[in-house]
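Biologist: I would like to learn how to read a protein fold. Can we go through one together, feature by feature?

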Amino acid sequence: FNHATDAVVTFSRVGHGHGLIRTHISIHVSKSIQVMADAEEGDAYLSFDVALAKAAKQMRRYKKRLRDHKERMERVPVTQAR
């Protein structure tokens with residue numbers, strides 16, 4: 001992906017006294033692509049790293065699907081209507 005249009009990262013405490021930090025990442029990549037990931041960990045930095053890894057994995061999968069679809073479309077011969 002060339003660029004992300006919009007990204008929002010939210011940190012919040014989970015429950016009362018549990019010591020967990022929830023990180024929510026939402027990335028709007030294009031008109032039809034929205035990537036979201038959540039993580040709950042005891043440390044804010046660790047929570048962010050886990051959520052970021054999940055978002056990156058989703059983006060890699062989506063990019064692979066787009067690439068595979070493009071390759072399939074290029075292999076299909078164009079039929080001419082008579």
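Modeller: We start with the overall fold, then take strands, charges and surface in turn. Keep in mind that this is a predicted model.

Biologist: How do I read a strand?

Modeller: Begin with the general idea. In a regular strand, side chains alternate between the two faces of the sheet. Next, look for the partners of each strand.

Biologist: How many bridges join β1 to β2?

Modeller: Nine, and the two strands run antiparallel. Follow single pairs to see it. Ala7 has Ile27 in β2 as its bridge partner. For Val9, the partner in β2 is Ile25.

Biologist: How many residues does the hairpin from β2 to β3 pass through?

Modeller: Two.

Biologist: Now charges. What should I look for?

Modeller: Side chains of opposite charge can pair when their charged atoms come close. By the rule used here, a side-chain nitrogen of Lys or Arg must lie within 4 Å of a carboxyl oxygen of Asp or Glu. The count comes to one salt bridge.

Biologist: Which side chains meet in a salt bridge?

Modeller: Those of Glu40 and Arg22, at 2.4 Å from N to O. Glu40 lies in strand β3 and Arg22 in strand β2, so the pair ties together parts that are 18 residues apart in sequence.

Biologist: Is Glu40 buried, exposed or partly exposed, and what is its relative accessible area?

Modeller: Glu40 is partly exposed, at 35%. Arg22 also has 35% relative accessibility and counts as partly exposed. The cut-offs explain the wording: buried means under 20%, exposed means over 50%, and partly exposed is in between.

Biologist: What share of the residues in the protein is buried?

Modeller: Buried residues make up 17% of the 82 residues.

Biologist: Where do positive charges gather on the surface?

Modeller: In a patch made by Lys57, Arg60, Arg61 and Arg65. Take Arg61 as a case. Arg61 lies in helix α1. Its relative accessible area is 48%, so Arg61 is partly exposed.

Biologist: How do I read contacts between parts that are apart in sequence?

Modeller: Compare two numbers: the separation along the chain and the distance between C-alpha atoms. Start with Leu52, which lies in helix α1. Leu52 and His24 are 28 residues apart in sequence, and their C-alpha atoms are 9.2 Å apart in space. Leu52 is partly exposed, at 38% relative accessibility.

Biologist: How far is Ser12 from Ala44, C-alpha to C-alpha?

Modeller: The separation is 9.1 Å, although the two are 32 residues apart along the chain. Ser12 sits in strand β1. With a relative accessible area of 31%, Ser12 is partly exposed.

Biologist: What about Ser30 and Asp6, how many residues apart are they along the chain?

Modeller: They are 24 residues apart, with 8.9 Å between their C-alpha atoms. Ser30 lies in strand β2. Ser30 is partly exposed, with a relative accessible area of 26%.

Biologist: Let me recap the fold. The pattern is β-β-β-α. β1 pairs with β2, and β2 pairs with β3.

Notes
Residues are numbered from 1 along each chain as its sequence is written. This is a predicted model: local features need pLDDT of at least 70, side-chain atom pairs count only at pLDDT 80 or more; totals for chains, interfaces and linings use all residues. Side-chain values use heavy atoms; hydrogens and water are left out. Patches are made of residues with over 30% relative accessible area and no salt bridge: like charges are joined within 9 Å, nonpolar side chains (Val, Leu, Ile, Met, Phe, Trp, Tyr) within 5 Å. Accessible areas come from the Shrake-Rupley method with a 1.4 Å probe; for residues, only the protein chains shown count as cover. Lys and Arg count as positive and Asp and Glu as negative; His and the chain ends are not counted. The place of a charge is taken as NZ of Lys, CZ of Arg, CG of Asp or CD of Glu. Helices (H or I, at least four residues) and strands (E, at least two) are DSSP runs, numbered from the N terminus. Buried means under 20% relative accessible area, exposed over 50%, partly exposed in between (1.4 Å probe, protein chains only). Two strands pair if DSSP finds at least two bridges between them.
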